[in-house]
Each structure stands twice: as C-alpha cells, then as structure tokens.
Amino acid sequence: MYGYYFDPTYFLLVIGMLLSLAASARVKSTFAIYSRVRSASGLTGAEAARRILHMAGITDVTVVPISGSLTDHYDPRNKRLALSQDVYERTSVAAIGVAAHECGHAIQDATNYVPLNLRSAIVPVANIGSTLSWPLFLAGLIFSIRPLLTLGIILFTFAVLFQLVTLPVEFNASSRALKMLGSSGMLGTDEVKGAKKVLTAAALTYVAALAASILQLLRLIILAGGRDRD
Ligand SMILES: [Zn+2]
C-alpha cells in the first residue's frame with residue numbers, strides 16, 4: 001500500500017531542495033560581495049556586453065535592461081541579451097562578469113555551439129516531461145497501471161537530460177567570458193578572479209538543479225519498484 005503518511009523517499013526530495021537552497025544562497029552572497037567591488041575600467045555591465053559583442057563581430061544582438069535580481073539571460077529567439085539592473089548600469093566586477101557570461105551565450109548562438117542547439121531542441125520535450133510525468137506517474141500508482149509508471153519515468157528523464165545538457169552550456173559561457181575579460185583588459189587579473197568566483201557560484205546552481213532532478217528520478221524509480229512488490 002502506498003501511504004502518504006510515511007514515504008521515506010521524501011528524503012530524496014528534501015536533500016534536493018536543500019542543495020538548491022544552499023546553491024542559490026551562495027550565488028546571492030557571492031554576487032553581493034563582488035557587487036561592491038568597483039572595476040578599474042569603470043565600464044558598466046551593459047557597456048562591457050556591447051564591447052564584447054563588438055569584439056566577437058556580433059551585430060544582431062541587442063543589450064536590454066530587465067527587472068529583477070539575477071534575472072540576466074540571453075534569448076536566442078529574439079537575439080536579446082537581457083541584463084538586470086544590478087548588472088546593466090553598475091560598474092562592479094560582478095556586473096561585468098555576469099554581462100560577459102551572457103555574451104558567452106550569444107557567442108555560442110552565433111557559432112552554432114552544439115550543446116546550446118541540443119538544449120534548445122530538448123526544451124519542448126523537457127517542458128512536457130516535467131509537467132506530465134508526475135500526474136501520469138501518480139495515476140499509475142493509484143490505479144496500478146504499470147505502463148503509466150514507466151511513461152512517467154521516461155518523461156521525467158527528459159527533464160533530467162535538459163538539466164544535464166545545460167551544464168556544458170553554462171560552464172562554456174563562463175570560461176569564454178573570463179578569457180575575454182582578461183585578454184581585453186576590461187578586468188585586471190585580480191578582478192577576473194572575483195568574476196570567476198561569481199560565475200562559479202552561479203554554475204553551481206545548475207549542478208544543484210541537476211542533482212535535485214536526479215534524486216527525483218531516483219524517487220520515481222524506487223516508488224515504481226515498491227509498487228511492483230505489492
Ligand atoms: Zn548562463
């Protein structure tokens with residue numbers, strides 16, 4: 001009997017949640033520290049982004065401000081590089097680091113970087129997977145329909161794959177960013193180290209998200225296995 005009152009696999013969910021919370025707290029505190037370090041170049045995040053895009057020969061990407069904190073992203077569909085206020089108009093090491101990271105994504109897009117294309121291709125399936133997997137799985141548990149359990153697990157696997165392919169995309173964008181900031185002189189050697197800390201903390205949130213998804217997948221597999229033994 002599947003009981004909500006005692007489901008030890010909840011521990012897997014809790015561990016995943018704690019990992020994600022720890023990673024997000026860390027990126028916030030690291031960003032806050034290097035937001036207070038003014039860059040010697042005096043460039044704002046937006047200026048740094050435009051310079052990097054220019055250096056990379058990219059002319060069809062627009063740099064725009066966006067509301068929120070740590071909401072920075074590059075959207076390949078409309079070629080928009082959106083920077084949050086703390087990045088767009090600030091001259092800190094953190095702002096320039098994040099702006100350069102988003103430029104890394106724009107360069108990946110311009111050079112047809114394979115993992116980025118792969119990730120874009122997986123997005124629709126991953127969205128369907130993460131939305132439908134749990135309802136189907138739950139129906140499978142309640143009505144003891146084995147194929148629904150299997151389908152739920154397969155669909156959730158696509159959500160995990162999406163998280164997995166996100167990692168090379170993120171790490172690659174950061175390493176491109178740090179190289180360009182160092183070689184162009186937009187940041188000095190010590191400043192690059194600070195930017196690296198911010199970008200590494202940001203990358204760890206994606207590692208935590210992947211770990212949390214794998215734990216959730218494991219939970220589904222354990223629950224399905226338990227159902228088999230009933
Ligand atoms: Zn990124």
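The charged end of Arg 176 sits over the ring of Tyr 113, 5.4 Å from the ring centre. A charge sits over a ring when NZ of Lys or CZ of Arg is within 6 Å of the ring centre and within 35 degrees of the ring normal. Arg 219 does likewise with Tyr 10: its charged end lies over that ring, 4.6 Å from the centre.

This is a predicted model, in which local features need pLDDT of at least 70 and side-chain atom pairs count only at pLDDT 80 or more, while totals for chains, interfaces and linings use all residues. Residues are numbered from 1 along each chain as its sequence is written, and side-chain values use heavy atoms, with hydrogens and water left out.

Now the overall plan. The protein has 7 helices and 3 strands. Helices (H or I, at least four residues) and strands (E, at least two) are DSSP runs, numbered from the N terminus. Along the sequence the pattern reads α-α-β-β-β-α-α-α-α-α. The C-alpha atoms fill a box of roughly 65 × 35 × 25 Å, taken along the principal axes. Of the 230 residues, 46% count as buried. Buried means under 20% relative accessible area, exposed means over 50%, and partly exposed lies in between (1.4 Å probe, protein chains only).

Next, look at helix 5 and helix 6. Helix 5 covers residues 114–142, and helix 6 covers residues 146–184. Two packed helices are described by the angle between their axes and the distance between the axes. Here the axes come within 6 Å and cross at roughly 150°. Axes are lines fitted to C-alpha atoms, for helices over the stretch in contact, and angles run from 0 to 180 degrees between N-to-C directions. Helix 5 and helix 6 are therefore roughly antiparallel to each other. The cut-offs are these: angles under 35 degrees count as roughly parallel, over 145 as roughly antiparallel, 65 to 115 as roughly perpendicular and the rest as oblique.

Helix 5 passes helix 6 in a left-handed crossing. A crossing is left-handed if the near helix is turned anticlockwise from the far one by less than a right angle, and right-handed if clockwise. What classes of residue make up the contact of helix 5 with helix 6? There are 24 nonpolar, 6 polar and 2 charged residues. Ala, Val, Leu, Ile, Met, Phe, Trp, Tyr, Cys and Pro count as nonpolar, Asp, Glu, Lys and Arg as charged, and the others, Gly among them, as polar.

Stay with helix 5. Leu 132 is found there. Leu 132 is partly exposed, at 41% relative accessible area. Its C-alpha atom is separated by 7.3 Å from that of Gly 152, 20 residues apart along the chain.

The structure holds 1 aromatic pair. Trp 134 and Phe 137 form this pair, and it is stacked, with 5.7 Å centre to centre and 15° between the planes. Rings of Phe, Tyr and Trp (its six-membered ring) pair if their centres lie within 6.5 Å; planes under 30 degrees apart count as stacked, over 60 as edge-to-face and the rest as tilted. Both residues lie in helix 5, 3 residues apart, about one turn of the helix. Phe 137 is buried, at 0%.

Then come the loops. Ser 144 is found in the loop between helix 5 and helix 6. It has a positive phi of about 55° although it is not a glycine. At 48% relative accessibility, Ser 144 is partly exposed. Leu 70 also has a positive phi, near 55°, in a residue other than glycine. Leu 70 sits in the loop between strand 1 (62–66) and strand 2 (73–75). Its relative accessible area is 33%, so Leu 70 is partly exposed.

Leu 187 is in the loop between helix 6 and helix 7 (189–229). At 3% relative accessibility, Leu 187 counts as buried. Leu 187 and Ile 15 are 172 residues apart in sequence and 38 Å apart in space, C-alpha to C-alpha.

Last, turn to helix 2, residues 45–55, which holds Arg 50. Arg 50 is partly exposed, with a relative accessible area of 39%. Arg 50 and Val 61 are 11 residues apart along the chain, and 9.0 Å separates their C-alpha atoms.
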